[in-house]
Amino acid sequence: MKKNLSYIDSVHRSGRIWNLCMMVMMIGYPVAVMIIFGVLPDTKGMLLGLLATAPMYWAVGIIETFTYIPMLGAGGSYLSFVTGNISNLKLPCALNALEQANVKANSEEGEVVSTIAIAVSSIVTTVIIILGVILLVPLTPILEAPALAPAFAQLIPALFGGLGVVFISRNWKIAIAPVSLMLILFIFVPALNTSNVGIMVPVSVLFTLGISRLMYKKGIL
Amino acid sequence: MTFDVNHPVLFLLAGIVVAAVLAQSVYFLIKAWKRGKVLGMDKAKLRRISVTAGVFTIAPAIAIVIGVITLAKDLGIPLPWLRLSVVGSLSYETIAAANAESAMGLTFGQVSALIASQYVTITIVMTLSILVGIWLAPVVSKRLLGGMINLEKRDKKWAELFQSALFIGMIAAFVGYVFCDVSTVASGDLSGLIPVCVMLVSAIVMTISGLLVKKLKFRWISDYALPVGLVVGMISAIPITAWLS
């Protein structure tokens with residue numbers, strides 16, 4: 001007899017199946033190349049390359065997974081961890097949609113809204129990349145024009161300026177401490193730069209949760 | 001078969017995976033849309049959310065195409081197309097590819113013609129390094145999100161604050177990041193102020209949009225405020241960079 005699953009349970013079930021299939025397909029790409037072209041990887045190069053890359057990426061990946069899932073919701077998480085570009089595209093897109101729909105992230109309506117926003121964003125991204133690949137030759141001189149370079153270099157500040165003003169103004173009491181801490185750290189610790197902002201997100205999130213809990217217990221929030 | 005980084009077979013293989021990504025996105029979109037209807041959510045509202053999400057995505061997606069062009073110089077088109085359509089981001093993939101190339105005595109950005117075994121090595125390093133989220137999300141998401149629901153049952157107000165704190169924590173990290181080069185100003189280099197100025201422009205556009213919605217009741221503006229703020233901010237970067245560099 002078919003068991004009646006709740007919507008969330010069915011999202012988890014199909015999400016698991018999809019992500020498992022996508023993982024197999026991703027691993028299948030190099031395997032297929034090996035079989036079709038009859039080659040093996042350079043073992044030493046592969047091990048050294050993995051040693052230089054994987055430990056850091058795995059550590060960041062584990063932390064990011066635990067940090068982003070509560071923000072993305074179920075459907076949004078399964079999709080985002082396949083399509084990537086979470087902090088610079090999928091999550092801002094979901095946050096804006098929740099704001100636009102005026103629904104809470106942890107409600108079922110919020111789950112629906114964030115999934116729709118992330119799914120549409122993933123489809124649009126994939127289609128634009130496909131168009132970019134098809135039109136690569138004529139597009140390259142335009143997209144790599146020195147005049148346009150500063151615009152694409154400043155994508156993150158342009159994104160978080162708009163997003164920040166909405167969320168910080170609405171939650172200014174919560175925001176004061178983490179924004180101040182991050183400003184101090186990024187301005188005065190030279191080691192913090194573009195390459196490690198991803199690592200600082202979980203640090204900032206944990207700090208914000210701790211401070212918020214403290215303020216909540218003291219009756220400030 | 002003679003290997004080439006742009007061999008049609010590689011396009012076909014990458015295309016199959018990208019098609020699966022599209023299928024997954026469409027599947028979840030339809031599933032959520034149907035659920036929205038069951039919950040009695042306004043169809044016009046759902047449509048507006050979709051349009052905004054699509055418009056908002058255009059500029060960042062073009063930036064990803066630039067990433068494909070950047071990586072294609074070393075790796076051909078199919079691999080960057082695949083890696084930036086599935087999981088990857090330009091910064092992660094560049095580091096992974098550079099590390100794999102360096103492990104084989106190559107220099108990233110100066111590779112003219114990869115042989116098949118080098119290509120496979122780079123692909124394996126890029127793929128295995130970035131896989132964590134894809135398998136870990138299915139393992140932990142049900143438990144994590146279940147924990148959020150339990151939290152709400154125990155203390156509704158704290159659960160709402162918890163959610164806000166998550167968002168603010170993420171935004172705070174990126175606001176801090178925008179200021180990471182400001183210290184260069186002390187040595188007379190004003191370029192560290194470029195991201196700060198761009199962020200301010202975007203914030204001002206968003207504030208003006210908010211005021212127009214509030215005072216003039218132009219509700220449609222709120223649908224496009226963030227995408228417009230993003231694009232205006234990016235465009236403003238061109239004169240700001242020329243001014244401060």
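Q: Which residues does A:A117 touch, not counting residues up to four places away in sequence?
A: This is a predicted model, to start with. In it, A:A117 touches A:C93, A:A94 and A:A97, along with B:I49 and B:A53.

Q: What about the largest nonpolar core: how many residues has it?
A: It has 144 residues. A:A117 is among those with the most contacts inside it, together with B:I171 and B:F174.

Q: Which helix gives the most to this core?
A: Helix 7 of chain B, with 14 residues. This core also draws at least three residues from each of domain 1 and domain 2 of chain B.

Q: Where are those domains in chain B?
A: The domain assignment puts domain 1 at 8-130 and domain 2 at 179-244. Their C-alpha centres lie 28 Å apart.

Q: How many residues does the contact take from each?
A: Five from domain 1 of chain B and seven from domain 2 of chain B. On the domain 1 side, three are nonpolar, one is polar and one is charged.

Q: Switching topic. How many residues of chain B are in contact with chain A?
A: 134 residues of chain B, against 134 residues of chain A.

Q: And which helix of chain B gives the largest share of that side?
A: Helix 7 again, residues 156-178. It supplies 21 residues of the side of chain B that touches chain A.

Q: How does that side divide into nonpolar, polar and charged?
A: On chain B, 96 residues are nonpolar, 31 are polar and seven are charged.

Conventions: Residues numbered from 1 in each chain as written. Chains lettered and ligands numbered in written order. Predicted model: local features only at pLDDT ≥ 70, side-chain atom pairs only at ≥ 80, totals over all residues. Contact = placed C-beta atoms within 7 Å. Helix = DSSP H or I, 4+ residues; strand = E, 2+ residues; numbered from the N terminus. Nonpolar A, V, L, I, M, F, W, Y, C, P; charged D, E, K, R; others polar. Domains from an automatic or database assignment. Core = buried A, V, L, I, M, F, W, Y, C linked by C-beta atoms within 7 Å. Buried ≥ 20, exposed ≤ 12 C-beta atoms within 10 Å, placed from the backbone.
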